Amino acid sequence: MTVRVPWKRRRRLPGASSLMSRLAGSIMLGLALLWLVGVIGSAVVLQRLIDGKSDDELQETGLILVSFISRTPDLAAVADVLADAQARAAAYPPHDRFAYRVVDDAGRILLHSANAPAVEVAVPLREGLADAGGWRVATLGDRANARYLQVADPLAERREALIAAVFWLTAPLAVLLAFAAFMVLRASRSLMDHVRRTAKVVGERDPTAMGMLPLSGVATEMRPAVEATNQLLGRVSEALEAERSFTYNSAHELRTPIAAALAQAQLMASLCAHRPELAQHAARLVDSMARLARLAERLLALARAEGAEPLTREWVDLDRVARLTVEEFSHDPRLEGRELVADLVPARVRGDVDAIGLALRNLVENALVHGVGGRSIRVSCASDRDGSYLAVTDDGPGVGPDELPTLTERFRRAGHGSAVGLGAGLGLSIVAMLARRLRARLSLNSPPAGAATGFEALLYWPRPAKPF
């Protein structure tokens, strides 16, 4: 037998997004912006510091050189001394050396260093600092000899120093930013875990027996939401309990007068047996009272299915429950010549034996009422590695595919043929409610797999635990 279980795809609301991703994204964006502002601000400050320090060193070097040149009128001797100094400095990296030149008032070059590009840079002959041709040039005057000394430092070195400083400053900050991102994601994930655990508790709650959600272990930020949910659940539970009590009490109080009225109607029908003009009306009255009695019984069953009392969780033999139910209905006059067949394979599930029995009886009665015109009603159960099931199948006219999704609604009847108006419209609603409380799934198929007509109602328990 093929088991078909309905599956509903979870749909995301339009425009909905993950709370965790939104929270983490907002925090990370804020941290990234702060990090970027910090890097830019640090770069500006570092550039000023590097420029100021380099300018001070450049001017200090220029003062030393101009003092030496002013006391040595012979530039040839100055050139020999500086050449010897540059020869000793040749062992150092190029950025540890600077360029210089000595010019007269007319701008003619009297002396220059080996750095040829520095000689060709045109710089105004006035004391101070200036940028020209990628160099930072300090000009100092030798008034005693009517000469000027220009000392130059390449700007590229300053940019390299700035880039290196910014890199070593921002690299640790980038590591800290990555660590902060990890901590934010971890914290948001922990918060969402609290939400998921709370949602799981809510999802596992019996919708007909609401209880308060536990507050232990709930994050402080979520406690007001959980408390508000508990208040809402309390009000809903009170409303449901009032509705259940009214249904149960009304049905219970109606049983006795309905039974008495049915007995009176049956007595009236027997007394009118010799009067054909009254016998037909009496028979209709008996049928109406019988239907009213069945409706009262269904209302009581509905109240029990919606009851707040928790169901037991014990091992139940589905084949035993099915066998007893088949024996109970084997002589029911509503069979009308049909055969009630049992196709049973040993199967066990955890549940409440009374609730499972009530669900199965409602399924069999549904087949008795709506399977008129068929030849048999089959009650079957079996188990495999994926789960266990209990099914009631008839070969009656069945129902249309448009009606299947609505059959578990209260007072919803199938709209075919002679069955219209015979049922109370509560049987499958009761079964659906019991299935939720039994942690089973109700599957309705018309026609059943491999058949041309008929109707199948199947209770499925997925992945049952192994018996002790």
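Student: At 21% relative accessibility, as what does Arg 334 count?

Tutor: This is a predicted model, in which local features need pLDDT of at least 70 and side-chain atom pairs count only at pLDDT 80 or more, while totals for chains, interfaces and linings use all residues. Residues are numbered from 1 along each chain as its sequence is written, and side-chain values use heavy atoms, with hydrogens and water left out. A residue is buried under 20% relative accessible area and exposed over 50%, with partly exposed in between (1.4 Å probe, protein chains only). With its 21%, Arg 334 counts as partly exposed.

Student: Which residue meets Arg 334 in a salt bridge?

Tutor: A salt bridge here is a side-chain nitrogen of Lys or Arg within 4 Å of a carboxyl oxygen of Asp or Glu. For Arg 334 the N to O value is 3.9 Å, and the partner is Glu 365. The two lie 31 residues apart, Arg 334 in the loop between helix 7 and strand 7 and its partner in helix 8 (residues 353-370).

Student: How many salt bridges does the structure hold?

Tutor: Side chains of opposite charge can pair when their charged atoms come close. One of the pairs is Arg 158 with Asp 153, at 3.8 Å from N to O. The salt bridges in the structure number 9.

Student: How far apart are the closest N and O atoms of Asp 55 and Arg 136?

Tutor: The pair links distant parts of the chain, 81 residues apart: Asp 55 is in helix 1 (residues 19-70) and Arg 136 is in strand 4 (residues 135-142). Asp 55 is buried at 10% relative accessibility, and Arg 136 is buried at 17%. Their salt bridge has its closest N and O atoms at 3.1 Å.

Student: Which residues are linked with Asp 55 and Arg 136 in a network of salt bridges?

Tutor: The pair of Arg 158 and Asp 153 belongs to this network. Arg 158 has a relative accessible area of 7% and is buried, and Asp 153 counts as buried at 13%. Linked with Asp 55 and Arg 136 are Asp 51, Asp 131, Asp 153 and Arg 158.

Student: In what order do the 5 strands of the open sheet stand?

Tutor: Helices (H or I, at least four residues) and strands (E, at least two) are DSSP runs, numbered from the N terminus, and the chain has 9 helices and 12 strands. Two strands pair if DSSP finds at least two bridges between them. The pairing in this open sheet is mixed, and the order is 7-9-10-12-11.

Student: In which sense do strand 9 and strand 10 run?

Tutor: Strand 7 and strand 9 pair in the parallel sense over 6 bridges, with Ala 342 and Val 379 as bridge partners. Strand 9 and strand 10 form a hairpin with 3 residues between them, and Ile 377 stands opposite Asp 394 in strand 10. The 7 bridges between strand 9 and strand 10 are antiparallel.

Student: Which residue is the bridge partner of Asn 445 in strand 12?

Tutor: Strand 11 and strand 12 (residues 455-462) run antiparallel and are joined by 5 bridges. The partner of Asn 445 is Glu 456.

Student: What angle does helix 7 make with strand 7?

Tutor: Axes are lines fitted to C-alpha atoms, for helices over the stretch in contact, and angles run from 0 to 180 degrees between N-to-C directions. Contact means heavy atoms within 4.5 Å. Helix 7 (residues 318-329) packs on the sheet and touches strand 7, strand 9 (376-383), strand 10 (387-394) and strand 12. Its direction and that of strand 7 make an angle of about 170°.

Student: Which residues does Ser 429 touch, not counting residues up to four places away in sequence?

Tutor: Ser 429 is in helix 9, and this helix (residues 427-437) lies across strand 11 and strand 12, at about 145° to strand 11. Ser 429 is buried, with a relative accessible area of 4%. The residues touched are Thr 408, Glu 409 and Arg 410.
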